[in-house]
Amino acid sequence: KAKELAALTDDEVRERLDEAKAALFKLRFQRAVGQLENHAAITNTKRDVARAMTEIRAREITAAEALAEGSTR
């Protein structure tokens with residue numbers, strides 16, 4: 001899944017993050033109401049959120065490093 005995210009554009013990664021956060025909210029609500037059947041889905045969705053956030057942060061760091069190298073030259 002991390003390789004899939006790496007192949008996407010910045011906007012697509014942010015869209016995936018938003019979708020995963022919305023799905024996580026729905027799952028938590030289902031758990032609170034007692035309608036959740038697959039409790040592992042919460043863990044998997046949390047991991048999807050973390051993967052997307054990690055990819056976004058890695059891209060931010062890469063961009064900052066590139067900017068820093070450009071300003072030192």
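A salt bridge is a side-chain nitrogen of Lys or Arg within 4 Å of a carboxyl oxygen of Asp or Glu. By this rule the structure has five salt bridges. This is a predicted model, in which local features need pLDDT of at least 70 and side-chain atom pairs count only at pLDDT 80 or more, while totals for chains, interfaces and linings use all residues. Residues are numbered from 1 along each chain as its sequence is written, and side-chain values use heavy atoms, with hydrogens and water left out.

Q: What makes aspartate 48 and lysine 1 a salt bridge?
A: Their closest N and O atoms are 3.7 Å apart, and the limit is within 4 Å, so the pair qualifies. Aspartate 48 lies in helix α3 and lysine 1 in the segment before α1, so the pair ties together parts that are 47 residues apart in sequence. (A helix here is a DSSP run of H or I of at least four residues, numbered from the N terminus.)

Q: How do you know whether lysine 1 and aspartate 48 are exposed or partly exposed?
A: Buried means under 20% relative accessible area, exposed over 50%, and partly exposed in between (1.4 Å probe, protein chains only). Lysine 1 has 57% and is therefore exposed, whereas aspartate 48 has 25% and is therefore partly exposed.

Q: How do you know that arginine 51 also forms a salt bridge with aspartate 48?
A: The closest N and O atoms of arginine 51 and aspartate 48 are 2.9 Å apart. These two residues are three residues apart in helix α3 and so are separated by about one helical turn. Salt bridges that share partners join Lys1, Asp48 and Arg51 into one network.

Q: What makes aspartate 10 and arginine 59 a link between distant parts of the chain?
A: Their side chains meet in a salt bridge at 2.6 Å, N to O. Aspartate 10 is in helix α2 and arginine 59 in helix α3, 49 residues apart. Aspartate 10 has a relative accessible area of 45% and is therefore partly exposed.

Q: Why is glycine 34 called exposed?
A: Its relative accessibility is 60%, and glycine 34 therefore counts as exposed. Glycine 34 lies in the loop between α2 (10-33) and α3 (40-72).

Q: Why is aspartate 11 called exposed?
A: Aspartate 11, found in helix α2, has a relative accessible area of 62% and is therefore exposed.

Q: What is said of confidence along the protein chain?
A: The chain averages a pLDDT of 95, and 99% of the residues score at least 70; pLDDT is the predictor's confidence in each residue, from 0 to 100. Among the elements, helix α1 (residues 2-6) has the lowest mean pLDDT (93) and α2 the highest (97).
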